[in-house]
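Hello,

Here is the structure I promised to pass on. Please have a look at it first, and then read my notes below.

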Amino acid sequence: MLLTRVLQIALTLAILSFCAFALIALMPGDPIEVAIAGDPRLTAEDAARLRALHGLDRPFPERYLAWATGLLQGEFGYSRLFAQPVAALLGPALLSTVALAGSALTIALALGIALGALSASRPRTAPAVDAIAVMGQAMPTFWLGILLIIAFAVTLGWLPAGGVAEAGAGLHYLVLPVATLAIAHLAAYARHSAASLEATLTEPWIRTARARGAPERIVLWRHAFPNAALPVLQIAALDAGALAGGALVTETVFARPGMGKLLYDAVMGNDTNLALVALLLVALVTMLATLAADLAQRALDPRLRER
Amino acid sequence: MTRLRLGLAILLLLALAAAAAPFVAGALGHDPFAPDLLVRFEPPSAAHPLGTDDLGRDILTRLLYGARVSLAVGLAAALAATVIGTAAGVFAAWRGGAADALVMRLADFMLALPALPLLVLLAAADPSRIGLPARGEATGDVLRIVVILALFGWIGVARLARAAALTTLSRDHVRAARALGATEARVLCRHVLPALLPPVAVATALAVAGAILAESTLSFLGLGISPPAPSWGNMLANAQELVFSAPWAAVWPGLAIMVTVAGCTLVADGLRGRRRGG
Amino acid sequence: MMLRAAALFLALAAPAAAQPRDTLTIGITQYPSTFHPNIENMAAKSYVLGFARRPLTAYGADWRLACLSCETLPSLENGGAVRETTPEGKPGIRVTYRLREGLRWGDGTPVSAEDLRFAWEAGREAATGFGPAEYYRSAYELIVEDPRTVTIRFDRVTFEYASAGDFQPLPAHVERARWRADPRAYRTRTAYDTETTNPALWNGPYRIAAVQPGASVTLERNASWSGAAPQFRRITIRTVENTPALEAQLLAGQVDMIAGELGLPLEQAIALERRTGTRFRITYRPGLIYEHLDVRHDHPALSDRRVRQALLLATDRAQITERLFAGRQPIADTSVNPLDPMHDADVRRWPFDLVRARALLDEAGWTPGPDGVRRNAAGERLSLEFMTTAGNRGREAVQQVLQGMWRQAGIEARIRNEPPRVLFAETLSRRRFQGLALFAWISAPESVPRSALHSDEIPREDRNWSGQNYGGYRNPEMDVLTHAIPEELDPARRREMWRRLQAIYAEDLPAIPLWFRADAHVWPQWLEGVRPTGHLNASTLWAEEWRAR
């Protein structure tokens, strides 16, 4: 089962690389046209020369094959946009994204599940939890980010308004962007864990457990929670995949370099090498996260194991 | 039950407000599309109950016209995603085996497919060439955004639906029903679909909200609804540039989005409560 | 919870207060994609490199050409430039540059004629991949006279013969071996991008000391600099693309100033000034960015000059600049900036006049229809497609105002916007736009608008869609003028030709002029000596004059 899934992932990546290459090649305007728009002194002669130099005058299948062969030999190529080898750019961007998205997701999951459990086990708190969830979810990320900046950076002056530390870990630079992302994601976790916990708590076997005299805390966390955690896990896996592609808006508002910004710039700037490698990397993380969630689901749900 | 009623009431009110946009504009005597540079950034007054925006247009009437666009985007995208997602998820769980693997791998593939180049491609495509409304007109933009959101939105619903359907299908009472000779259609309609409703209802409600939010993010990136048609998303994205000097221009569309999301969630909660008979 | 987390991290934060005034942090909205002076041109690179390397010549804040790393500007009068005939018998010119004494790379190596020779060789080789190569194609020979002097021979004579443009010394002792090994791979191997912090690459008052890709560039004093000593020990340039976030960083004290070249949109700066009073010093410098409407000249309505004139007459530019831009952006009469030495002050103007606009449209056969939109004899509505760059809020605002104003004259504008890359790389350059397009041209002082006005520059498939005459404007006299002006060396005669060009422009309206964009430079009150230029040569080229009070 694991082996087939891994093979499927490899196959998907191969097909995806072709589709993504085609998509980017189909986008209007090749890199040289983009350059001409920004530099009126480039002549027709210059354009032809640069096109030949970048290999853009060759037919599409040939370009794809050349690129794919290079990739299989471990050559990620060179980013035209950042004038750096692609591998050298991806490392720091990925690290920055993992720091941002990883901590935001962890915080959102922990808080979201706690809120969901609170709402499910103590119905009186449900409206308050709902209100928190609605507030968090209803704010567009860029707006929330700017509000936090106004409050904590501009007015109170406690935290930096954005950017990254020039040296050191720069933890205080992380607080506001992590809070922004966590607030945005927390609502879904709270909502889904509350929904499925409430549903699970009415199941007959829970009633049986209660009838046997199990304390409510044990019923909630030992019996109901593993069962109710499944949908939350699925969502978290999706989020993890999506965030591997970076939190573009958060990174833009807080001027943090990361995968989202890199990918956006690469696609918009028609930097095929960088865009493709980054896309494939993101796709790989996404699929691995899904696989992990499926495995966890198997481990948590005994009925699935039997099947 | 009261939650359901409250949520429905909010959504109904919003729909009514959207429908009433031309009348309100008429009553106030403002053209929400005509800039007037002499009255930029007016604070709320009797003439302009919510003030004016950066081009001197009445915010209230723009908000009402924006409701039409934003609600249309939200509902259309969420419904499309839910229908496709539920069908795909149930199909995968029910058929199992190769069909299951195929659907789930397709989902993986779609998830991994880069949305950004697709968006740029669609933004460049000229829908009038295939007989659809020309770009720039709100309908064209709405269509483009709905297609994108549905294309990437069905996956989450499908996973949710598949997981829930799998659980239900392995339940004893479903096995018993099958053993007693119930048709597959009956099993799906009587047992699987009802069991799906709670998670899918929650997902749909969140999808409406998510689509409205996604539209605002696209506006932020310059890929959303183009002017002069107002949407809550592009009103909010426009307001952010001058957020320090004219914050209220961003408060109203933000509030509108929040109320809508609240309405959707209440409806979802209400539906969930009714299924449980609680 | 949040508060407690904030307080916790506050304790970890480095004390940022009490800045000694020997550092300066600058916010800009773009990150340079390469640090090589000749590969790809972008404003962020010009800005950053202005601190760290000096070109031979540049236009100053007075828009006059000056020597930066040469001793005197070569001219026909001082003998630095001599007209001659090329070996092929064409009229040519030889120009001699002498490098300033004491100019050294950051590792102490003197900047020499060899460095210029290397730059010339690399530029001549097509495989090197430099951007615009017109200069190198024309510069057919370079002669090293002595270690500090070179003479370059050109096969084309223009009045700008003294300007070296992007041609500048490159450190041959670092770069030549890399280039010679494989010119094709040079752009991926250049030390400018592989070891950006190598001092030997920089000959300006500062050198690049650290880079964080996408985020910041740190500059420190260049020990080998022999010119006036710069005041700041360290300058950090941070990239923040989102302008509200950039403003927030300014207000939070994380950046000291925002560069005008790549900074806040004008409206945002005006609002900032209105709100913060005297906390910052904001200087508005109108520049050479020409906002205008490109017009499809083969459009049935727009091909009629009277319709173009009516469009301009129906546009209240004075009100727009006054209301939206606090009067900071000078109204354009033609594409020639009022600050340009060749500007003609007596050129025809088209102030807002709705009555005349209506009369002109009547005359052109467009009469009012039942829905307020004019119709011609065939009953077709006067409805124009109107495009601009989606996501540029300033332009989208202007676009909607214009739409409203034209409606008063009975002209309907249908807005249809596209993301910049689609608009520029496809719709404009392939001439797929149908009516009007609002965007800007950026130019240099006294640059001849040949590529936008000459009929040979209309993009065509067989010419690989090159050229920037997107609207398809044709005028034989304009063709002659845009070709002849660059080759006319006599300033008086050139001025006469420029006057004629502007007269035709203002009458014919090949494009509809709006205004020249102004840059908003936001400085702390204690900063002095920054001189905004308003053109492509950034203010940082004179960074050694910057002082803190």
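Let me start with one helix pair in chain A: α1(A) and α13(A) are roughly antiparallel to each other (angles under 35 degrees count as roughly parallel, over 145 as roughly antiparallel, 65 to 115 as roughly perpendicular and the rest as oblique). Helix α1 covers residues 2–26 of chain A and helix α13 residues 272–300 of chain A; they pack at an angle of about 150°, with their axes 10 Å apart. Axes here are lines fitted to C-alpha atoms, for helices over the stretch in contact, with angles from 0 to 180 degrees between N-to-C directions. Helices (H or I, at least four residues) and strands (E, at least two) are DSSP runs, numbered from the N terminus.

Before going on, a few conventions: this is a predicted model, where local features need pLDDT of at least 70 and side-chain atom pairs count only at pLDDT 80 or more, while totals for chains, interfaces and linings use all residues. Residues are numbered from 1 along each chain as its sequence is written, chains are lettered from A and ligands numbered from 1 in the order in which they are written, and side-chain values use heavy atoms, leaving out hydrogens and water.

Back to that pair. α1(A) and α13(A) cross in a right-handed sense (right-handed if the near helix is turned clockwise from the far one by less than a right angle, left-handed if anticlockwise). Their contact has 17 nonpolar, four polar and two charged residues; Ala, Val, Leu, Ile, Met, Phe, Trp, Tyr, Cys and Pro count as nonpolar, Asp, Glu, Lys and Arg as charged, and the others, Gly among them, as polar.

α1(A) also packs on helix α4 (residues 60–72) of chain A, with axes that come within 11 Å and cross at roughly 135°. That makes α1(A) oblique to α4(A), and the crossing is again a right-handed one. From α1(A), A:Ala14, A:Ser17, A:Phe18, A:Phe21, A:Ala22 and A:Ala25 meet A:Phe60, A:Arg63, A:Tyr64 and A:Trp67 of α4(A) (contact means heavy atoms within 4.5 Å).

In chain B, α3(B) and helix α8 (residues 184–220) of chain B have axes that come within 8 Å and cross at roughly 145°. This crossing is right-handed, and the residues in the contact divide into 16 nonpolar, five polar and two charged.

Now the interfaces. Between chain A and chain B, 54 residues of chain A are in contact with 45 residues of chain B. The area buried there is about 4700 Å², of which carbon and sulfur atoms give 75%; buried area is the accessible area (1.4 Å probe) that two parts lose on being put together, summed over both. A:Leu23, A:Phe142 and A:Trp143 supply 13% of the area that chain A buries against chain B, more than any other three residues.

The contact between chain A and chain C takes 56 residues from chain A and 57 residues from chain C. About 4700 Å² is buried between chain A and chain C, with 58% from carbon and sulfur atoms.

How confident is the predictor? The complex gets an ipTM of 0.84 and a pTM of 0.87. Mean pLDDT (the confidence in each residue, from 0 to 100) is 81 for chain A, 82 for chain B and 90 for chain C. Over residues 1–19 of chain C, though, the pLDDT is below 50.

Best wishes

Terms used. pLDDT = per-residue confidence, 0-100.
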